[in-house]
Amino acid sequence: MTVTIVGSQFGDEGKGGIVDLYGDEADVVARYQGGDNAGHTVVEGGEEYKLSLVPSGAIRGKVGLLGNGCVVNPRTLFDEIDGLRERGLDPDIRVAERAHVILPYHRVLDGIEEDAKSEGDLEAGTTGRGIGPTYEDKAGRRGVRIGDLLDPAVLRERLEYVVPTKRALAEDVFGLDLEAAGETDSGIDVAAAFDVDALYEEFKNHGERLAEEGMTVDAGTYLAESIDAGENVMFEGAQGTSLDIDHGTYPFVTSSNPTAGGACTGTGLGPTTVGSGDVIGIVKAYLSRVGTGPMPTELGGVVGDTPGYDGTETGPEEELATKIREAGGEYGTVTGRPRRVGWLDMPVLRHAARASGFTGIVVNHVDTLGILDELRVAHSYTLDGEEQFTVPPTTERWGDCEPNYRTFDGWSASDWSAIADEGYDALPEATKAYLEYLEAELDTPVYAIGIGPGREETIVRHRPF
Ligand code: IMO
Ligand code: MG
């Protein structure tokens, strides 16, 4: 059996916690896209684990698989595995031979291109992990795959073709003096990042370790055998629908498909297999976004990310934003930078539910909104005098949309953990009205409600496995 977990908004919806909760009954947890741009937090036995690449299920002894649709930085992979081993865990991680490798030059180029774009407000505010440049090389048929690391002759051949083109890009297009550049902010030796011999030595070693530890697989075959043997497979989406390269707010997106179709192309299983189980959209009860691009329901703003916002405004919207940001801990997992926050946006969710075919949703951060007397939801938009129920295809048009808000009563609870014990009926009436509105609008049941960060602070109404 399979279950697919998909972010419905802009990432950071609390996917890690739900993968952890439902993943209890999974045997394999597979990521199908993205790389170490994700930030998934899992709390186990009072210990907090922050993972960016290793699938969350690995904390609980599941097989963690990185599918062919992922981009894998071996440095991050081994750092995370070693970190977990130091903490007494024994993660079982498999990596698709067809997955593409993030090389140091991808990270350097990610940084330079963002700098260049920032002059025209085109930067996406990437995580700087080299995600975009790696997928670019995949599509351009000049990438290095995990399987190539296992064969030194092939690795050498690939690097000898691609590295000179990367050097030319850095030097001739972006004007970088590679030998004088020193290290990037994240500690990458720039000269070595564009040096065939240095790259070959390091990545050949990564290949040897992958082989020694028996980590590489043909993902599709591995997963099909697991399913045939009666095992449960969970697909763990990273990022979210509005960051999808096809269905998101292009160009302010990531370079992969977090939507459920990605679980097919990114693992080597067909849509009938992925669609034979639940596809669950993870929804944050409000909206948050990291990086630039439009956000019609934004409250206040974040300097550097919100287009045209300079931080001098102060008013009720800024106050609300600060309140929600503080209550929800809306600061980047890795960078600590404040996330943009806004009201729940139904056009965004309708678009997500359709693009992935949600069979159920999980609504997280419901407790966070408990600090408000009244809350709002963008039920639809007005664009050129017409009411719109879903997001327009171009980002510029999306930026022109004016939200039509519906107001909901706020809720409060003195003891969320007691409610978690008692279950759905114990929720405040106003909370239930909010959740029922979501169910009706998206034509999808609410499977679970997150009312706190811990695993026990989730009301579970349906278990997909
Ligand atoms: P999880 O899995 C939120 C955003 C970046 C940037 C854009 C492109 O924790 O939900 P990239 O480095 O992917 O090329 O950056 O996507 N972004 C995320 N935002 N949560 C994430 O992951 C994200 N991964 C990437 O901020 O705007
Ligand atoms: Mg995150």
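Colleague: Which residues line the largest cavity?

Modeller: This is a predicted model, in which local features need pLDDT of at least 70, side-chain atom pairs count only at pLDDT 80 or more, and totals for chains, interfaces and linings use all residues. Residues are numbered from 1 along each chain as its sequence is written, chains are lettered from A and ligands numbered from 1 in the order written, and side-chain values use heavy atoms, with hydrogens and water left out. A cavity is a set of points, on a 1 Å grid over the protein atoms alone, where a 1.4 Å probe fits but cannot get out, and lining residues have an atom within 4 Å of a point. Here the lining consists of V19, D20, G23, D24, V29, S56, G57, R60 and K62.

Colleague: Which helix gives the largest share of that lining?

Modeller: The lining of the largest cavity divides into 2 nonpolar, 3 polar and 4 charged residues. Its largest share, 3 residues, comes from residues 15–23, that is, helix α1.

Colleague: And how much space lies in the largest cavity?

Modeller: A search of the whole structure finds 1 cavity of 30 Å³ or more. Volume here means the space filled by probe spheres set on the grid points, which are joined across faces, edges and corners. For the largest cavity that comes to about 40 Å³.

Colleague: Which residues come nearest ligand 1?

Modeller: The shell around ligand 1 takes at least three residues from each of domain 1 (2–95 + 216–280) and domain 2 (101–210), with bounds from an automatic or database domain assignment. A residue is near if one of its heavy atoms lies within 4 Å. Of the 20 residues around ligand 1, the nearest are D12, K15, A124, T127 and T254.

Colleague: How much of the accessible area of ligand 1 does the protein cover?

Modeller: Oxygen atoms of ligand 1 lie 2.7 Å from a side-chain N or O atom of K15, 2.9 Å from a polar backbone atom of G39 and 2.9 Å from one of Q239. Of the 550 Å² of accessible area that ligand 1 has on its own (Shrake-Rupley method, 1.4 Å probe), the protein covers 97%.

Colleague: Which residues does the cis peptide bond join?

Modeller: Look in the loop between β10 (233–236) and α10 (261–265), where P251 lies. With omega at about 5°, the cis bond joins Y250 and P251.

Technical notes: Polar contact = N/O pair within 3.5 Å; in protein donor to acceptor, adjacent residues only side chain to side chain. 1 Å grid on protein atoms, 1.4 Å probe; cavity = no way out; pocket = protein on both sides within 12 Å on 5 of 7 lines; lining within 4 Å. Helix = DSSP H or I, 4+ residues; strand = E, 2+ residues; numbered from the N terminus. Nonpolar A, V, L, I, M, F, W, Y, C, P; charged D, E, K, R; others polar.
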